[in-house]
Amino acid sequence: MAKTNVVLIGMPGAGKSTVGVVLAKKLGYRFIDSDILIQEKEGRKLSEIIRDEGTDGFLAIEDRVNSEIRTDRCVVATGGSAVYGEAAMRNLKSIGVAVYLWESCENLQKRLGNLKDRGVALKDGQTLEDLYRERCPLYEKYADITIRETSFDIADTVNEICAQLEQFAE
C-alpha cells in the first residue's frame, strides 16, 4: 500500500488533533484520532484504561489498535505515546508520511492541565520534562517531516505541512 495518509506524532498538547482536523479538511481527507479509536474499541476512557491496566497495559492496547489501522487518504492523529509501539509505528509508517509536531517543553507545560486526567501514559513519579526527554528522540526517529510549531498558528502549521508533503507526492 502506498503512503496515502498523513500520520501526526508528537507530545500531548502539541496540537495533533486540532491540526489534524484542519489538515484533513484542507487535503480533502478523512480524520482519525487514534486515542478516540482506542476508547471506542475498549469501551472506556484512556484514563480508565491506564487506571485499570497500568501504563504498560495501556501501551500494549495502544500498540495493537494502532497496528491494525488500515486506511487511505486520511490524517491520523496519534496519541503522544504511540511511538513506544514498534508494531504500531511500523504499520503507520508503511501507510503514511509521519509528521512530527515539535513544541517546546515550556509551551507544553502551559497548555497541559492534569496529565492523568488527559490520559497521558506516565510512569510513577514521571514529570512532563522526563516524558519530553524520553519521547523526543523517538519522535525524531520516526519523523519523515518535523514542523517546529513555536512560531506558528494552526493555519501556518497546516500550510507548512502541505508544503513539505509535496516532496512525498508520487
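Here are legends for a handful of close-up views of this predicted model.

The model is predicted, and local features need pLDDT of at least 70, side-chain atom pairs count only at pLDDT 80 or more, and totals for chains, interfaces and linings use all residues. Residues are numbered from 1 along each chain as its sequence is written, and side-chain values use heavy atoms, with hydrogens and water left out.

**View 1. The largest nonpolar core has 41 residues.** A nonpolar core here is a set of buried Ala, Val, Leu, Ile, Met, Phe, Trp, Tyr and Cys residues joined through side-chain atoms within 4.5 Å. "Buried" means under 20% relative accessible area, "exposed" over 50%, and "partly exposed" in between, with a 1.4 Å probe and protein chains only. The members that touch the most others are L8, I9, L23, V99 and I161. Helix α6 (residues 128-142) is the top contributor, giving six residues to this core. Helices (H or I, at least four residues) and strands (E, at least two) are DSSP runs, numbered from the N terminus. There's another core apart from this one, made of nine residues, including I38, L46, I49 and L59. Touching, or contact, means heavy atoms within 4.5 Å.

**View 2. Helix α1 (residues 16-27) crosses α7 at roughly 55°.** Two packed helices are described by the angle between their axes and the distance between the axes. The axes are lines fitted to C-alpha atoms, for helices over the stretch in contact, and the angles run from 0 to 180 degrees between N-to-C directions. For α1 and α7, the axes come within 10 Å. The pair is therefore oblique; angles under 35 degrees count as roughly parallel, over 145 as roughly antiparallel, 65 to 115 as roughly perpendicular and the rest as oblique. On the α1 side, the contact uses T18, V19, V22, L23, K26 and L27, and on the α7 side I154, T157, V158, N159, I161, C162 and L165. By class, that's nine nonpolar, three polar and one charged. Ala, Val, Leu, Ile, Met, Phe, Trp, Tyr, Cys and Pro count as nonpolar, Asp, Glu, Lys and Arg as charged, and the others, Gly among them, as polar.

**View 3. Helix α2 (residues 34-42) packs on α3 at an angle of about 110°.** Their axes sit 11 Å apart, and the angle makes α2 roughly perpendicular to α3. From α2 come S34, D35, L37, I38, Q39, K41 and E42, and from α3 come L46, I49, F58, I61, E62, R64, V65 and N66. Sorted by class, this contact has seven nonpolar, three polar and five charged residues.

**View 4. Helix α3 (residues 46-67) also packs with helix α4 (residues 86-95).** Here the angle is about 20° and the axes are 7 Å apart, so α3 and α4 are roughly parallel. The contact brings together D63, N66 and S67 of α3 with E86, A87, A88, N91 and L92 of α4. It splits into three nonpolar, three polar and two charged residues. Within α4, the buried residues are A88, M89, N91, L92, K93 and I95. Their cover includes β1 (5-9), α3, β4 (96-102) and α6.

**View 5. E149 sits in the loop between β5 (145-148) and α7 (154-165).** Is E149 buried or exposed? With a relative accessible area of 7%, E149 is buried. Leaving aside neighbours within four places in sequence, E149 is in contact with A14, V19, L101, W102, E103 and T157. A14 is 135 residues away from E149 in sequence, yet their C-alpha atoms are 8.1 Å apart.

**View 6. S81 lies in the loop between β3 and α4.** At 6% relative accessibility, S81 counts as buried. Beyond its neighbours within four places in sequence, S81 is in contact with F58, L59, E62, A121 and R135.

**View 7. R73 lies in the loop between α3 and β3 (74-77).** R73 isn't a glycine, but has a positive phi of about 55°. Its relative accessibility of 44% makes R73 partly exposed.

**View 8. K110 belongs to helix α5 (residues 105-111).** K110 counts as exposed, at 68% relative accessibility. Its C-alpha atom is 9.3 Å from that of G13, 97 residues apart along the chain.
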